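Trainee: Could we go through this structure together, one question at a time?

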Amino acid sequence: MVGLYPYDLQRYDIYQFFIIRKFRGMGVAKEAFRLAVSDRPGLWQTRVMLKNTSALQFWRSAVNSVSDGNFQERILADYDLDMHFFLYEII
């Protein structure tokens, strides 16, 4: 779920994140995300496929929560695929 981004070894990356449908909407995902980043201070990113609009809404909210609103959202190329990148820092 968490590792260093191969193109920037100074930045943590959420590379897989999935919550079983029956647990969605219960706060489980946000809490799991908060726990995943809380013990790793530093630079972070989360990538979301352009077409995944439901995940995009979730990640905007989740990243906003852990970064106190201090994040950037950009569309960047990841390998050969354009994706939403959320860039933030955990202190």
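This is a predicted model: local features need pLDDT of at least 70, side-chain atom pairs count only at pLDDT 80 or more; totals for chains, interfaces and linings use all residues.

Mentor: Residues are numbered from 1 along each chain as its sequence is written, and side-chain values use heavy atoms, with hydrogens and water left out.

Trainee: In what order do the elements of the protein run from the N terminus on?

Mentor: Start with the naming: helices (H or I, at least four residues) and strands (E, at least two) are DSSP runs, numbered from the N terminus. The protein has two helices and five strands. Read from the N terminus, the order is β-β-α-β-α-β-β.

Trainee: What radius of gyration does the protein have?

Mentor: The radius is taken over C-alpha atoms, and the globule rule to hold it against is 2.2 Å times the number of residues to the power 0.38. For 91 residues that rule gives 12 Å, and the protein comes close to it, so it is as compact as a globular protein of that length. The C-alpha trace spans about 35 × 30 × 20 Å along the principal axes. The radius of gyration itself is 13 Å.

Trainee: What percentage of the 91 residues do buried residues make up?

Mentor: Here "buried" means under 20% relative accessible area, "exposed" means over 50%, and "partly exposed" is in between (1.4 Å probe, protein chains only). With that cut-off, the buried share of the 91 residues is 34%.

Trainee: How are H1 and H2 oriented to each other?

Mentor: H1 covers residues 28-38 and H2 covers residues 53-67; they pack at an angle of about 45°, with their axes 10 Å apart. The axes are lines fitted to C-alpha atoms, for helices over the stretch in contact, and angles run from 0 to 180 degrees between N-to-C directions. Angles under 35 degrees count as roughly parallel, over 145 as roughly antiparallel, 65 to 115 as roughly perpendicular and the rest as oblique. H1 and H2 are therefore oblique.

Trainee: Is Trp44 buried or exposed?

Mentor: Trp44 sits in strand E3 (residues 42-49). Leaving aside neighbours within four places in sequence, Trp44 is in contact with residues including Val2, Ile14, Val37 and Leu87. Its relative accessibility is 0%, so Trp44 counts as buried.

Trainee: How far apart in space are Phe85 and Arg74, C-alpha to C-alpha?

Mentor: Phe85 is in strand E5, and at 3% relative accessibility it counts as buried. Not counting residues up to four places away in sequence, Phe85 touches Arg74, Leu76 and Ala77, among others. Phe85 and Arg74 are eleven residues apart in sequence, and their C-alpha distance is 5.2 Å.

Trainee: Is Ala77 buried or exposed?

Mentor: You'll find Ala77 in strand E4. Not counting residues up to four places away in sequence, Ala77 touches Asp82 and Phe85. With a relative accessible area of 52%, Ala77 is exposed.

Trainee: What is the phi of Asp68?

Mentor: Most residues other than glycine have a negative phi. Asp68 is in the loop between H2 and strand E4 (71-78), and at 73% relative accessibility it counts as exposed. Its phi is positive, in a residue other than glycine, and is near 55°.

Trainee: What about the phi of Tyr79?

Mentor: Tyr79 lies in the loop between E4 and strand E5 (81-90). Tyr79 is exposed, with a relative accessible area of 52%. Although Tyr79 is not a glycine, its phi is positive, at about 60°.

Definitions and conventions:
Contact means heavy atoms within 4.5 Å.
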